[in-house]
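Keep the viewer open as you read.

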Amino acid sequence: MSTDVRHLIDLVPEDVLDICRRLREKGKRGWIVGGCVRDLLRGGAAKDWDVCTDARPEEVVSFFRKVIPTGIQHGTVTVVLRGVHYEVTTLRGEGAYSDGRRPDKVEFVDDITADLARRDFTFNAMAIDPIDGHLIDPFGGRADLEARVLRAVGDAAERFFEDGLRVLRAARFSATLECSIAPDTEAAMGAPRSLDTFRRVSAERVRDEWMKAMSATKPSVAFEAMRRTGLLAITCPELIATLGIEPGATQDDDAYHRALASLDACAGTPLLRVAALLHDVGKSRDAGDTARASAEMVEAILARLKFSNDERARVTALIRHHVIGYSSGWTDAAVRRWIRRVTPELLPDLYALCEAIARAKRDGTADLQAIDELRHRVSGVLAAGAALSTRDLKLNGRDLMTSLGLAPSRLIGETLERLLELVTDDPASNERETLLTAARAMLAAPPAP
Ligand code: ATP
Ligand code: MG
C-alpha cells in the first residue's frame, strides 16, 4: 500500500501546514497524528488537528509568536494562529502506568514510531508529515481501517491493563466507526485485569464516552460490545438486569434488546438517546408503574454517571411520561390535561422517544398511529390557545384580591389552580366575569381535604 498520501493534504488547514513548515524551518519535524489522520483516511476532514513534533516544548514555545504553555509538563504547547488554538505535542514514549489512568512520568523521545506505539488502536496510531505527504503507519492501521477492524496496538491485554479508558474507547469506536473488534482485542477487553483497571475510570469519563457513542448511526453496537465484555455490568447493571425480561418469540427479543433497538431508532440528541436506552430499566423491578420505576432508577443511574441536574431532570421527565395510553376516546379536556402534565416544552422530544420505542416493537404500527393522532389533537388544542397554566387565565391573583377583598395568602394560588381546572374542562369559561363568579363559589365551598 502506498504511503504517499499527498492527495489528502488539501484537506489539512493552512494553519496546520504553517505550523509544520515553521518546525521544518527550525530543523525539526511536525506531523499530524492520531484521530485526525484516521478521519482523513476515512475520507473526511477531522474536527481537531493534533500536531506532534520532535522539538522539545521549550523550543516550540520559542518558535511561535503566540503560545499558551499550559500542559507543557506533559509536552503540550498550544499554538494560537489567527485566534485558533492548535495543540503541538512533543513526541512521547511509553512511561509506566501505576494508576490505570496516566503514565507515571512523561518521557520525550525523538522517534515518531515510539510515540505511535503508545497509542491505543492501530487506526489511531498513524501520522502524516503534511510537508512531504508521507504516511507513517507502523502497525497496519490503514489496512485495519479499510477492513473496518479495531485492533489494539501491541499486546492488547497489557494495553488495557495500563489504561482503563481504552476498553471503553474501543466499544465507542466500534459504533462510531462501524467496525468489528479483532477477536483477541475483544477477548482482552473482557479479561479480569482489564476490567479491574476499567473500574478505576471516573464516572465523568464513562459518561463522556456514552455520549460520544450516541452520535453513531447505531449506538447499540457500543453497548453490545460493553455487554459482551462485561463493561456494561460494571457501569449499568440495571440495563443488564433487563436481559430476558418479557421475552418475545425469538431469543434476542426481550426488554434489553428492545431498548437497544429503540436507541438505534431514536433520531435525536445524544441525551434523548440516553432516554431511549434506559426507558425500560424499571421492567426488571416487579413494579406496577414501570415508567415511574424506570424514572426513579434512571435518576440514580444518571447521578452515578455525573450527568448534570438539568440532564437528569430532562431524561427522567421523558421516561416518566413515555407511557401515554392515548386512545381516540380522549376528550379535548383529557388532551389539555395531558399537555399540562407533560408540559408543551417536552412534547417534541417525547414524541420522538415514543416513536422510537414504537418502531422498535415487532408490531408498533398501532402505537405510531396513536402518537400521530395525539400529535394532531395537541396541535389543535395549542392552536386554539388553550390555557395551560394559571398565567393563561383571564384573571390573575391581584384581580382576585381586589375584586374579592382577599389578603395575599396561599388561598389565592390554590383558587387560581382550581380555576385552571375549570378552564381545562371548559375553555369558554376563561372570561374574567365567569372566573370571578366561579372563584366566589369556590371560596364559599373550599375543596374537600
Ligand atoms: P475523537 O477525537 O473522535 O474522540 P480521537 O482518536 O481523536 O477520537 P482523542 O481523545 O482526541 O481521540 O485522542 C487523540 C489521539 O490520542 C488518539 O487518536 C490516540 O492516538 C491517542 N489516545 C487518546 N486516548 C488514548 C488512550 N487512552 N490511550 C492511548 N492513546 C490514546
Ligand atoms: Mg480527537
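This is a predicted model: local features need pLDDT of at least 70, side-chain atom pairs count only at pLDDT 80 or more; totals for chains, interfaces and linings use all residues.

## Around the ligand

A polar contact here is a pair of N or O atoms within 3.5 Å. In the side chain of Arg166, an N or O atom sits 2.7 Å from a nitrogen atom of ligand 1. Arg38 also takes part through its side chain, with a polar atom 2.8 Å from an oxygen atom of ligand 1. Gly35 contributes through its backbone instead: an N or O atom there is 3.0 Å from a ligand oxygen atom.

Which residues come nearest to ligand 1? Of the 15 residues around the ligand, they are Arg38, Lys47, Asn124, Asp163 and Arg166.

## Helices H15 and H17

Next, find H15 (residues 270–278) and H17 (residues 309–320), whose axes come within 9 Å and cross at roughly 45°. Angles of 65 to 115 degrees count as roughly perpendicular and those under 35 degrees as roughly parallel, so H15 and H17 are oblique to each other. Their crossing is right-handed.

On the H15 side, the contact is made by Leu271, Leu272, Ala275 and Leu278, and H17 supplies Glu311, Arg314, Val315, Leu318 and Ile319. By type, the residues of this contact are seven nonpolar and two charged, with no polar ones.

## Helices H18 and H20

H18 brings Asp332, Val335, Arg336, Trp338 and Ile339 to the contact, while H20 brings Leu374, Arg377, Val378, Val381 and Leu382.

## Helices H21 and H22

The last pair to look at is H21 (residues 397–404) with H22 (residues 410–425), packed at an angle of about 110° with axes 10 Å apart. H21 is therefore roughly perpendicular to H22. The crossing of H21 and H22 is right-handed.

In this contact, Gly397, Leu400 and Met401 come from H21, and Ile412, Thr415 and Leu416 come from H22. Four of the contact residues are nonpolar and two are polar, and no charged residue takes part.

Technical notes. Residues are numbered from 1 along each chain as its sequence is written. Chains are lettered from A and ligands numbered from 1 in the order in which they are written. Side-chain values use heavy atoms; hydrogens and water are left out. Contact means heavy atoms within 4.5 Å. Helices (H or I, at least four residues) and strands (E, at least two) are DSSP runs, numbered from the N terminus. Axes are lines fitted to C-alpha atoms, for helices over the stretch in contact, and angles run from 0 to 180 degrees between N-to-C directions. Angles under 35 degrees count as roughly parallel, over 145 as roughly antiparallel, 65 to 115 as roughly perpendicular and the rest as oblique. A crossing is left-handed if the near helix is turned anticlockwise from the far one by less than a right angle, and right-handed if clockwise. Ala, Val, Leu, Ile, Met, Phe, Trp, Tyr, Cys and Pro count as nonpolar, Asp, Glu, Lys and Arg as charged, and the others, Gly among them, as polar. A residue is near a molecule or strand if one of its heavy atoms lies within 4 Å of it. A polar contact is a pair of N or O atoms within 3.5 Å; within protein, one must be able to donate a hydrogen and the other to accept it, and residues adjacent in sequence count only if both atoms are side-chain atoms.
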